Amino acid sequence: MLITVYVLCSVLASIAGLLAVARIQSSDASAVGLLIELSAITAVVVGGTPLTGGRVRVLGTVAGALLMQLVVATMIKHNLPSSSTEMVQAAIILIAVYAARERKSR
C-alpha cells in the first residue's frame, strides 16, 4: 500500500509539473506554484468545506477547482491583470463563507 501511494503521488506530481510548465511556458522551478495558496483555499471553500473544519467533500473540491480555473481562465482571456483575479477569488471566498454560515444557521 505504501509503495502504491508513493507511485500515485509521483505520477500526480509529474502531471502537475507538466501542466505548470505548459501554463507558464517555462520551467523555472522557483516560480512554479508561487502564490497558488489562494486558489487552493478558494477551491476547497467553493467545494463546500467550511473554513472552521468539518467533513471534506472531494468531488466538491474538484468541482470548486474546476469552477475557479474557469473564472481565472476567463479573466486571463479578457486580458485582466492578475491583481483583479486575486480580488475576484477573495470575493468568491467571502461569498462562499457567507453562504455556508447562512446554511448552518438554518
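This report covers the overall build of a predicted model and then two of its residues, Thr61 and Leu35.

**Chain as a whole**

Four helices and zero strands make up the secondary structure of the chain, and the order along the sequence is α-α-α-α. The C-alpha trace spans about 45 × 45 × 20 Å along its principal axes. Of the 106 residues, 17% count as buried. The accessible surface comes to about 8,300 Å², and carbon and sulfur atoms account for 70% of this area. Among contacts between residues at least 6 apart in sequence, 42% join residues at least 24 apart.

**Two residues**

| Residue | Relative accessible area | Class |
|---|---|---|
| Thr61 | 18% | buried |
| Leu35 | 63% | exposed |

Thr61 belongs to helix H3, which covers residues 58-77. Because its relative accessible area of 18% is under the 20% cut-off, Thr61 is classed as buried.

Leu35 sits in the loop between helix H1 (2-24) and helix H2 (37-46). Its relative accessibility of 63% is over the 50% cut-off, so Leu35 counts as exposed. Glu86 is 51 residues from Leu35 in sequence, and the C-alpha to C-alpha distance between Leu35 and Glu86 is 9.9 Å.

Definitions and conventions:
Residues numbered from 1 in each chain as written. Predicted model: local features only at pLDDT ≥ 70, side-chain atom pairs only at ≥ 80, totals over all residues. Heavy atoms only, no water. Buried < 20%, exposed > 50% of the residue type's maximum accessible area, 1.4 Å probe, protein only. Contact = heavy atoms within 4.5 Å. Areas by Shrake-Rupley, 256 points an atom, 1.4 Å probe, with all protein chains shown as cover.
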